[in-house]
Amino acid sequence: MNKSTFVIGFMLFAIFFGAGNLIFPPTLGLNSGPAFWSTLSGFVITGVGLPLLGIVASAFYQNGYKTALNRIHPWFSVLFLMAVYLTIGPFFAIPRTGATSYEMAILPFIGAPGAASLLAFTVVYYALTLWLSLNPSKMVERIGAILTPALLISILALIGKSMWWLFDNPPTLAEVNFGGQSAFLSGFIGGYQTMDVLASVAFSVIVINAIKAKMPVGQRDDKIVVKQTFVAGIIAAASLAVIYIGLAWVCNRLPVPQQTLADLAAKNQDVGSFLLTTAAYETFGSFGRILFGTIVTLACLTTSVGLVTAVGEFFYGLFPRISYRTYVVSLTLVSFILANQGLSTVISKSVPVLMVLYPIAMTILLLLLIDNFARPLPVLSHRLAAGLVTVVSILSVAGAGFTKQLPLQVYSLEWLPFALAGILIGCAGGLAGKPAADSEKA
């Protein structure tokens, strides 16, 4: 293990750790009540473990997911990856980072939102994004060695002082109703809904390319790439787990009146951001607002840079006649325009697409894990599982009546039986299909 692996691991943590990841654990921590550790263990498995597996699985293939998905069909590989990159890139996640930073870091100081203030903030925000994204090799150092330490110091300062203040407090909620689910299952499903597995598809390219760039030309060993990808993923996953648990623990013990929680629900305000703002103010006073604004802005900025870089490199690999620089400028410009439409608009248009893509990504990850850690599946298994899940996911989001009666629909896992059925039918069909060639596997 070397210094560059640590830097890449911290970079991966920073680009995973966006504003949504910052807000969700506090809400889960509050709602878990006395079942805190059971709930958080489930959340860490799916909110941290699955994205880690998504990063590691891609390292077994020379061109990551693009090569892995060719077994299903080359057109499926291109179309699915294009949909993923565009959705979590300029059409959703990148604009969301700018709009979220504005609403959580700027609005508390100016009082009311306005088109002029949003425009001014996003000009600066996306100018920084563009500058950090133009050179992918320097991005590793800029994020992994500069922005990540600043982000970690800010978060750990908030968590550390809050835990000192709240150490003897009991959980805020004495009784919790998980709707018939166990605490563990509630956390497990909560982590699944973070949708970081989709992000792992995009970010895997950054990690693998960064690792290869640090190795001397002619001495690049595929096994070392896999090993260093795994180590970098472990560093990122461990950092995420510590931060998630710390934020959730603080908000589990934060004294919040029941009436305040009821008022937040009535106004449809985000509970997670309220809890963090309250914790920051109670522990650091007025400076807490500045600290919280810094955390949010850094978390969003690192994710924005990671996504612009990943999407730019992906499309440059597909269509190299257009320069990487042109892609980055175009992506940043589109994101800037959409961010100025407002956060609610960005989210409302994108959630249905994400709910189609996420089950497909989960199915692909399952197929790759079986291929690489058990035995290669027949090509028919890959095609049937991906095809069935794609159809079911589209029909489910479209609101087809029968999908509401499917097993596991209440957990948003109605696609899982179809994925397993596709795998088993493909195996039973006897069409073994040849394993991925040695030239494709790392």
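## Core and helix packing

Me: Which residues have the most contacts inside the largest nonpolar core?
Reply: This is a predicted model, where local features need pLDDT of at least 70, side-chain atom pairs count only at pLDDT 80 or more, and totals for chains, interfaces and linings use all residues. Residues are numbered from 1 along each chain as its sequence is written, and side-chain values use heavy atoms, with hydrogens and water left out. A nonpolar core is a set of buried (under 20% relative accessible area, 1.4 Å probe, protein chains only) Ala, Val, Leu, Ile, Met, Phe, Trp, Tyr and Cys residues joined through side-chain atoms within 4.5 Å. The largest one has 128 residues, and those with the most contacts inside it are Phe13, Phe17, Phe80 and Phe203.

Me: And which helix gives the most to this core?
Reply: Helices here are DSSP runs (H or I, at least four residues), numbered from the N terminus. With 15 residues, the top contributor is α14 (residues 287–318).

Me: How do α10 and α14 lie relative to each other, parallel or perpendicular?
Reply: Their axes, lines fitted to C-alpha atoms over the stretch in contact, with angles from 0 to 180 degrees between N-to-C directions, come within 8 Å and cross at roughly 85°. Angles of 65 to 115 degrees count as roughly perpendicular. So α10 and α14 are roughly perpendicular.

Me: Is leucine 365 buried or exposed?
Reply: Leucine 365 is in helix α16 (residues 343–373). Contact means heavy atoms within 4.5 Å, and beyond four places in sequence leucine 365 touches Leu50, Leu53, Gly54, Ala57, Tyr65 and Val197. Since its relative accessibility is 3%, leucine 365 counts as buried.

How values were computed: Buried means under 20% relative accessible area, exposed over 50%, partly exposed in between (1.4 Å probe, protein chains only). Helices (H or I, at least four residues) and strands (E, at least two) are DSSP runs, numbered from the N terminus. Angles under 35 degrees count as roughly parallel, over 145 as roughly antiparallel, 65 to 115 as roughly perpendicular and the rest as oblique.
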